[in-house]
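Here is a protein structure to look through.

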Amino acid sequence: MKIPERILRSVEKPARYTGGEWGQILKDKNAVEVRFAFCFPDTYEIGMSNLGVRILYDVLNARDDTWCERVYAPWVDMEECMRREGIPLWSHESGDPVSCFDIVGFSLQYELCYTNVLNMLELAGIPLLAADRDDTAPLVVGGGPCTYNAEPIADYFDLFMIGEGEEVIEELVSLYKEHKKKGFHKEKFLHEAANLEGIYVPSLYAVSYQDDGTIAAVHPKYDDIPVKIKKRILTDLDRAPYPKTLVMPFIQTVQDKITLEVYRGCIRGCRFCQAGMVWRPVREKSPEVLDRAAKVLADATGYDEMTLSSLSISDYSCIRELTDELLTWTDERKISLSLPSLRADSFTKELMERISTVRTGSLTFAPEAGTQRLRDVINKNVREEDILRACRTAFEGGKSQVKLYFMQGLPTETNEDLDGIAALAEHVIDEYYRTPDRPRKTPGVTISAACFIPKPFTPFQWEPQCRMETLLEKQSYLERKITNRKIKYNYHDARVSRIEAVFARGDRKLSAALAEAHRRGMRFDSWDEHFHYDRWLEVFDAVGIDPAFYANREFGEEEILPWDNIDIGVTKAFLLRERHRAYAAQPTKNCRESCSGCGADKLGGERACCPSLKK
Amino acid sequence: MLSEPKKVRVKFSKTGSLKFISHLDLNRTVKSAFIRSKLPIWYTQGFNPHPKTVFSLPLSVGTASLCEFMDFKMTKEMSGDAICERLNAAFPAGLHALAAYAPQTKFSEIGWADYEIRIEAVPMDAAEERVREALSGPIPVEKTTKAGTRTVDIAPYGKLLAVKSASGEIVLSVRLSCEEKTFVNPKYILEFLTQKLGFPSERDDYTVCRTEVYFLDGETPFL
């Protein structure tokens with residue numbers, strides 16, 4: 001820790017910066033060959049909660065030749081002190097400047113963190129553009145959900161790891177070590193790295209554009225590198241590395257508990273959902289493996305809360321066995337189990353009685369749309385009866401508050417669908433009064449509505465986002481429709497959603513906008529107090545970019561999309577088929593009911609539900 | 001298993017990174033360390049069972065201490081050494097159990113505490129005398145409470161024990177009141193010195209460490 005104490009005393013939550021937590025990994029820096037700075041481009045509280053970071057920190061530090069350390073974005077008060085006093089960005093474990101590391105890796109979880117990435121590179125004193133970094137500069141790499149279309153930020157990265165990182169990150173480190181030994185030559189290294197499956201080296205793929213701004217072609221720089229980069233997956237999750245301990249934060253973090261990852265992928269296939277597509281195929285862990293991992297983590301961390309994590313936990317085929325197994329020891333050890341999200345159609349009384357967070361606090365369901373027609377369009381195969389039945393179960397169990405998640409601005413949405421949101425909330429209230437053994441409290445329904453953002457690798461990837469004015473109209477329309485004071489209506493800031501849409505479907509031309517935003521001191525865009533829509537519009541204007549080209553344009557089905565050079569297993573043909581079914585309001589069966597031929601099964605997988613993978 | 005849970009007091013130090021965590025966060029850190037230690041900690045018997053831990057004195061964020069105390073209950077008898085050993089194996093660096101025993105006193109009997117204040121300042125002439133002189137008269141400071149800001153003379157509630165100036169550092173030892181109504185935060189001494197002598201200036205780094213805690217008599221170390 002090299003930060004003067006007077007600075008630590010002057011900033012908010014100084015424990016964000018000190019390091020020294022229980023569970024952190026300390027090594028002798030002279031005894032390792034590769035030093036890896038794992039950067040999370042947001043605050044400590046958010047970064048410390050991320051499961052991917054926890055897993056990869058463990059994977060890298062399991063190697064004797066590598067020391068992986070943590071780095072977070074300093075909050076603005078600390079950044080001011082650092083700039084004033086010339087303190088470079090440092091790592092938590094050793095306190096060494098990030099610029100002295102071999103590899104600097106960023107976890108890219110959401111588009112609005114991009115300005116933080118640039119800011120952190122600058123605070124570290126590392127040249128921002130990959131092209132400006134020579135053989136002696138750290139290698140800057142990225143991974144995480146945003147790398148499925150990392151084009152807007154591609155100019156700043158030497159390479160991206162596409163897909164699940166556990167194996168490829170090790171291969172990358174091994175290759176780096178080899179090259180370091182024989183004298184690191186960046187161009188040679190990148191050429192070789194581009195041939196590792198799952199590694200995308202953007203500088204080795206030149207992009208040319210048509211006059212209308214769409215992509216004309218992508219030209220690989222060498223003949224021997226793949227034209228399409230295939231995402232990585234772990235086929236057997238029972239054998240996947242999982243942390244045996246965690247770094248215990250000194251201050252409360254967003255997910256301040258044990259996270260037990262139950263399975264990857266999702267059987268559902270909601271047409272707006274990127275996670276549901278890019279994590280395919282579905283692969284489960286066995287209850288015995290999970291129970292063992294849970295015990296190890298409970299012993300090693302001292303956490304008294306554990307959450308079962310996956311995209312839709314109630315769809316886990318062994319949920320009963322798993323909760324049975326866990327409850328044999330968690331209750332006695334005063335460890336409470338929680339669930340992140342529930343589907344209304346598989347929410348049962350039994351599940352509610354088992355899970356403590358379901359016992360206390362409010363319940364959340366996500367109908368996503370207000371009418372059955374629109375729910376069919378988005379392939380959210382939940383009926384109103386399911387939602388009302390789930391709410392009744394909750395009311396019988398002593399609940400009086402329900403939270404409902406919706407999306408506004410979905411393709412084909414009309415005012416009728418918005419009326420449906422208000423009506424559904426009313427019906428939930430009615431259901432409460434129809435439940436004989438309800439608690440004696442005033443019921444409450446909170447509607448929380450996000451704005452639809454078209455995301456790459458979804459059936460809706462071609463769809464335009466509604467224009468800002470339309471989104472705002474939709475919000476005020478629904479606000480007027482809700483007159484019952486037992487119903488509360490919250491909605492996301494449409495301006496934030498629009499900027500997110502620009503970068504979600506962006507191409508490399510946007511790197512100029514990021515540079516300009518950075519030059520103007522913008523960062524922490526995902527934080528309300530630091531998000532400035534008008535400044536973003538000025539930035540786009542200054543670099544001659546029309547944000548509507550990315551956010552509000554319907555992309556052509558024949559068009560080369562910025563992310564077409566990534567292969568996630570799920571085919572473009574499947575996504576197109578799903579898009580057309582959406583327009584016909586035709587739902588698609590979930591993966592367990594029948595295979596819809598998305599193409600992800602060719603990646604393989606144990607305990608998957610794809611018929612082709614069953615032995 | 002004891003029929004009645006037994007009260008245990010642990011004397012511990014809080015240094016390094018740990019001095020930057022708040023009282024609330026210390027509580028969380030200790031709670032998880034209890035679980036890791038596998039000590040037979042007694043939990044409250046309610047809907048939401050938790051170990052009932054009571055800490056002695058509040059400690060400002062940024063202040064280290066060699067003499068903190070916490071009380072909790074255990075369901076089995078264990079030797080003090082064994083308790084310390086188990087806790088130290090589970091504590092993060094910076095938290096260290098020094099002694100464990102059955103308490104005979106109450107935290108409300110604490111009256112005074114010693115602090116060591118180290119100021120990294122440019123060497124100056126006769127620093128020791130100037131500090132001694134500055135702290136020999138009234139020490140008016142601005143105290144902010146719920147009722148508003150008022151000026152209080154803290155001289156009756158604190159005394160300078162020693163001051164040394166060596167190799168770019170000025171080290172003060174002070175004894176300050178810890179009683180609820182007359183509690184003196186060591187920061188007041190620093191603020192007063194800045195105002196009177198111009199140091200520590202904004203750019204001077206300093207550390208504060210609580211080194212001993214006393215009963216109301218101001219002489220007998222608290223146990």
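**Rings, strands and helices**

Q: How many aromatic pairs are there over all chains?
A: The count comes to 30 aromatic pairs over all chains. Rings of Phe, Tyr and Trp (its six-membered ring) pair if their centres lie within 6.5 Å; planes under 30 degrees apart count as stacked, over 60 as edge-to-face and the rest as tilted.

Q: What kind of model is this, and how are residues and chains labelled?
A: This is a predicted model, in which local features need pLDDT of at least 70, side-chain atom pairs count only at pLDDT 80 or more, and totals for chains, interfaces and linings use all residues. Residues are numbered from 1 along each chain as its sequence is written, chains are lettered from A and ligands numbered from 1 in the order in which they are written, and side-chain values use heavy atoms, with hydrogens and water left out.

Q: Why is the aromatic pair of F215(B) and F222(B) called tilted?
A: The planes of F215(B) and F222(B) make 55°.

Q: Why is F222(B) called buried?
A: Buried means under 20% relative accessible area, exposed over 50%, partly exposed in between (1.4 Å probe, protein chains only). F222(B) has 2%, so it is buried. F215(B) has 17%, so F215(B) is buried too.

Q: Which residues form one aromatic cluster in chain A?
A: The cluster is formed by F106(A), F157(A), F160(A), Y200(A) and Y205(A).

Q: What makes K334(A) a charge over the ring of Y43(B)?
A: The rule asks for NZ of Lys or CZ of Arg within 6 Å of the ring centre and within 35 degrees of the ring normal. The charged end of K334(A) sits over the ring of Y43(B), 4.6 Å from its centre. In chain B, the charged end of K73(B) sits over the ring of W42(B), 4.9 Å from its centre.

Q: How do you know that β6(B) and β7(B) pair?
A: Two strands pair if DSSP finds at least two bridges between them. Six bridges join β6(B) (residues 140–145) to β7(B) (residues 148–153), so they pair. They run antiparallel. V141(B) stands opposite V152(B). A hairpin of two residues joins the strands.

Q: What makes β6(B) a strand?
A: Helices (H or I, at least four residues) and strands (E, at least two) are DSSP runs, numbered from the N terminus. The strand β6(B) covers residues 140–145. Chain B has four helices and ten strands.

Q: Why is β3(B) said to be largely enclosed by the rest of the structure?
A: Ten of the twelve residues of β3(B) (residues 63–74) are buried, so the strand is largely enclosed.

Q: Which strands pair with β3(B)?
A: Eight bridges join β1(B) (residues 6–14) to β3(B), and these run antiparallel. V8(B) stands opposite F72(B) there. β2(B) also pairs in the antiparallel sense, over two bridges. F55(B) stands opposite M70(B). β10(B) (residues 206–215) pairs in the parallel sense over three bridges. T63(B) has V208(B) as its bridge partner.

Q: Why is N48(B) called exposed?
A: N48(B) has a relative accessible area of 57%, which is over 50%, so it is exposed. N48(B) is found in the loop between α1(B) and β2(B).

Q: What is the order of the open sheet of three strands in chain A?
A: The order is β10-β13-β14, with parallel pairing. What makes β10(A) and β14(A) edge strands is that each pairs on one side only.

Q: Which way do the residues of β10(A) point?
A: I258(A) and L260(A) point one way, T259(A) and E261(A) the other way, and all are buried. Four bridges join β10(A) to β13(A). L260(A) stands opposite L308(A).
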